[in-house]
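Subject: Structure for your files

Hello,

The structure is below, followed by notes on what was found in it.

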Amino acid sequence: MAMTTTVPIPADWPTTEERARAVQDELRLRVVDEPGPPPGTGHVTGVDVAYDDERDLVVAAAVVLDAASLDVVAEATAAGRVPFPYVPGLLAFREIPAVLAALEALPVPPGLVVCDGYGLAHPRRFGLASHLGVLTGLPTIGVAKNPFTFTYEEPGTPRGSASPLLAGAREVGRALRTRDAVKPVFVSVGHRTSLDTACAHTLALTPEYRLPETTRRADALCRRALKEATA
């Protein structure tokens, strides 16, 4: 089992919605558009969080996979107090301190980071994947289970089919079929990668299931760590 790091809330962490939105506006300008690391090379890391609201506790997990074999290379968890209230569009402010601590506790470089959530497919074009990418400098993508507030047409039935996730006329992500005839996932760029690369990574990470192996393993690890933290 990964060691769990305890997370202090950063001294300057936003406490109001107004301040959090101002931080998003400021950091959004630092998102970098570049091709990103090719799928199947180096490391790819999944991050996820679990909450115990009664105890005001959030636990984050980071699981590093070998991108070619999808074997687990390293994992780490971090736990701390929930640093921000639940506000749609501002979830990053609840999750990032713990996720950063889990990433920092890894004994190896994470490579590309896959978030269970959104990057540019966010009302303010700055979801968790973008926020995390800008703060760490790492290439990041978001792979979400639902389309949030955006519209899309059903992609084709076969695995690998995709259709644009639209904010008005702008493509902010893609609905991507990772299994034949199974509900798509919703992929968006976080930082230092392209949408084509993000979709290629997502397909490389879904050899058997709808959700990426990175997300499945990080989800299982943070749930296990939360159980141990509250036992």
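Salt bridges and a helix pair

Asp25 is partly exposed, with a relative accessibility of 32% (buried is under 20% relative accessible area, exposed over 50%, partly exposed in between, with a 1.4 Å probe and protein chains only). This is a predicted model: local features need pLDDT of at least 70, side-chain atom pairs count only at pLDDT 80 or more, and totals for chains, interfaces and linings use all residues. Residues are numbered from 1 along each chain as its sequence is written, and side-chain values use heavy atoms, with hydrogens and water left out.

Asp25 forms a salt bridge with Arg124, with 2.9 Å between the closest N and O atoms (a side-chain nitrogen of Lys or Arg within 4 Å of a carboxyl oxygen of Asp or Glu). The two lie 99 residues apart, Asp25 in helix α1 and Arg124 in the loop between β5 (112-115) and α3 (helices are DSSP runs of H or I, at least four residues, strands of E, at least two, numbered from the N terminus). Arg124 is partly exposed at 23%. Arg28 joins Asp25 and Arg124 in a network of salt bridges. The structure holds 14 salt bridges.

Another of them pairs Arg55 with Asp52 at 2.7 Å; Arg55 is exposed at 51% relative accessibility, whereas Asp52 is buried at 15%.

The axes of α2 (residues 92-104) and α3 (residues 128-136) come within 10 Å and cross at roughly 45° (axes are lines fitted to C-alpha atoms, for helices over the stretch in contact, and angles run from 0 to 180 degrees between N-to-C directions).

Regards
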